[in-house]
Amino acid sequence: MKSKIVSSLDAAVADIPDGARIMFGGFGGAGFPNNLIQALSRKGIKDITAISNNCGTREGELGIMFKNGQVRHVVCSFPGPHANYFQERFAKGDVTCELVPQGILCERMRAAAAGIFGFFTAVGVGTEVAIGKEERVIDGKRCILESPIHADFALIKAHKADELGNLTYRLAARNFNPIMAKAAKFTIAEVDEIVPVGAIPPENVITPAIFVHRIVQAKGLRFQG
Amino acid sequence: MTEKTRLTREQIAQRAALELTDGAFVNLGWGIPNLIADYLPKNITVYFHSENGILGMGRRAKPGEEDYDLVDAMKVPVTLIPGASIFHQADAHLMSRGGHLDVAVLGGFQVSEKGDLANWKIPGSKGSGGIGGAMDIATGTKKLIVCMEHNTKEGTPKIVKQCSYPLTSLECVNTIVTDLAVIDVTPEGLVLREVAPGWTPEEVQQRTEARLILRGDVPQMKLA
């Protein structure tokens, strides 16, 4: 069996093409695949669609990709108070943005992961989010139709991987990572540590290896503020 | 006109804290709601929920104690209380949207007489805006309390007949705690439950666009 482990961050992202749809894990400074993001930016990728809860913390997290003009469209929930490079690009029209309620962002990715082609929810009814969406009354409640969010790649951050790609996460650094790992066609995990197969007790596996296609070990990189 | 003293943000939080019951699972939003954790009644245990995947969030981490993999929704390093659990973001929102969370307390720009909430974007503001977890939390939580100032800095009422700001969720608010009053949203309309010390129901009504229903004598807000 071909190993999923690659030895360098640059090798981990080498085959991601321009124009790809890419999910990025992380929330509140925790659980961001920052080393992979830096490698992707360094590679000079262009015109990506980013799916991410937020849009960077100054140059940190996704910020570097907006600073360098590498993102064409973003699907996000909360760009964040320090997403200045995103906001500059957005104001100039270099980047388009779809805002999605945070839990619905999760559920739309889960639908993609689960082979579900749409679902009805009361979240967003009567708000800007509902514009252009089919509305239906179900059990007396107004609901709107939401569609799945797919991606070509997910870049995620986990704590430990075994050599097969079973993953664990530390504390609230889990956030969006397990959801994105399942939703994308190809998932690349940046991890603190790679351990032998069997070293993670099966019941402690959070993301089963079936969802993980490539693993790279890197010293965690964190951006404050 | 010199205005009488209104409650401070801390006092609004203090009053809202009294709405929480022992054993409740509670989400606190940004702004005034975030202050509530400091004013919990001593004799109750509340399990704070954070939309990034924490139930049983404790106090903020002290200097030297911070673990940046354990942060709240405002990015602040926090601690856990015994019995806490960690899960992914989809389950965190499932807890609110699916009606499992007992109480959520959010900030607000406007609340309508039907309990519609606007709290994510100011009309005409620059930039993309951001929704975050507010729509999911407002839509499904069993009880939604909104904490906010009763009026804008310019004196405009924030409790209105119909929201003019971009909406967060329709008919979702149960109780409003402001620097002037405690108000319940009922099928009949907005019921004035309490007024701030020194204020009369008439004075509160003058600063409210929506009509307030009075049911007998309206007591003064108790803060502890």
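The largest nonpolar core has 138 residues. A nonpolar core here means a set of buried Ala, Val, Leu, Ile, Met, Phe, Trp, Tyr and Cys residues joined through C-beta atoms within 7 Å. A residue is buried if 20 or more other C-beta atoms lie within 10 Å of its own, exposed if 12 or fewer, and partly exposed in between, with C-beta atoms placed from the backbone. The residues with the most contacts inside the core are Ile22(A), Ala154(A), Met180(A), Ala183(A), Val146(B) and Cys147(B). Strand E8 (residues 151–162) of chain A gives the most to this core, with seven residues; helices (H or I, at least four residues) and strands (E, at least two) are DSSP runs, numbered from the N terminus. The core also draws at least three residues from each of domain 1 (1–106) and domain 2 (108–123 + 152–224) of chain B. In soluble globular proteins, nonpolar side chains tend to be buried together.

A word on the ground rules: this is a predicted model, in which local features need pLDDT of at least 70, side-chain atom pairs count only at pLDDT 80 or more, and totals for chains, interfaces and linings use all residues. Residues are numbered from 1 along each chain as its sequence is written, while chains are lettered from A and ligands numbered from 1 in the order in which they are written.

Let us stay with Cys147(B) for a moment. Leaving aside neighbours within four places in sequence, Cys147(B) is in contact (C-beta atoms, placed from the backbone, within 7 Å) with Ile12(B), Ala13(B), Ala16(B), Ile32(B), Pro33(B), Val105(B), Gly107(B) and Val177(B). Ala13(B) turns up again around Leu35(B), which with the same exclusion is in contact with Arg9(B), Glu10(B) and Ala13(B). Leu35(B) sits in the loop between strand E1 (25–28) and strand E2 (47–50) of chain B, and it counts as buried because it has 20 C-beta neighbours inside 10 Å.

Now to the meeting of the two chains. Here 37 residues of chain A are in contact with 31 residues of chain B. On the chain A side, H5(A) gives the most, with six residues. By class, that side has 20 nonpolar, eleven polar and six charged residues, where Ala, Val, Leu, Ile, Met, Phe, Trp, Tyr, Cys and Pro count as nonpolar, Asp, Glu, Lys and Arg as charged, and the others, Gly among them, as polar.

Within chain B, the centres of domain 1 and domain 2 are 22 Å apart, taken over C-alpha atoms; the domain bounds come from an automatic or database domain assignment. Their contact takes eleven residues from domain 1 of chain B and 14 residues from domain 2 of chain B. Helix H1 (residues 9–17) of chain B gives the most to the domain 1 side, with five residues.

Finally, the strands. Chain B has four helices and 13 strands. An open sheet of ten strands runs in the order E4-E3-E2-E1-E5-E8-E10-E11-E12-E13 (chain B), with mixed pairing; two strands pair if DSSP finds at least two bridges between them. Strand E4 (78–86) and strand E13 (212–213) of chain B are the edge strands, each pairing on one side only. Strand E12 (residues 189–195) of chain B pairs with E13(B) in the parallel sense over two bridges, and Leu190(B) stands opposite Leu212(B) in E13(B).

Definitions and conventions:
Contact = placed C-beta atoms within 7 Å.
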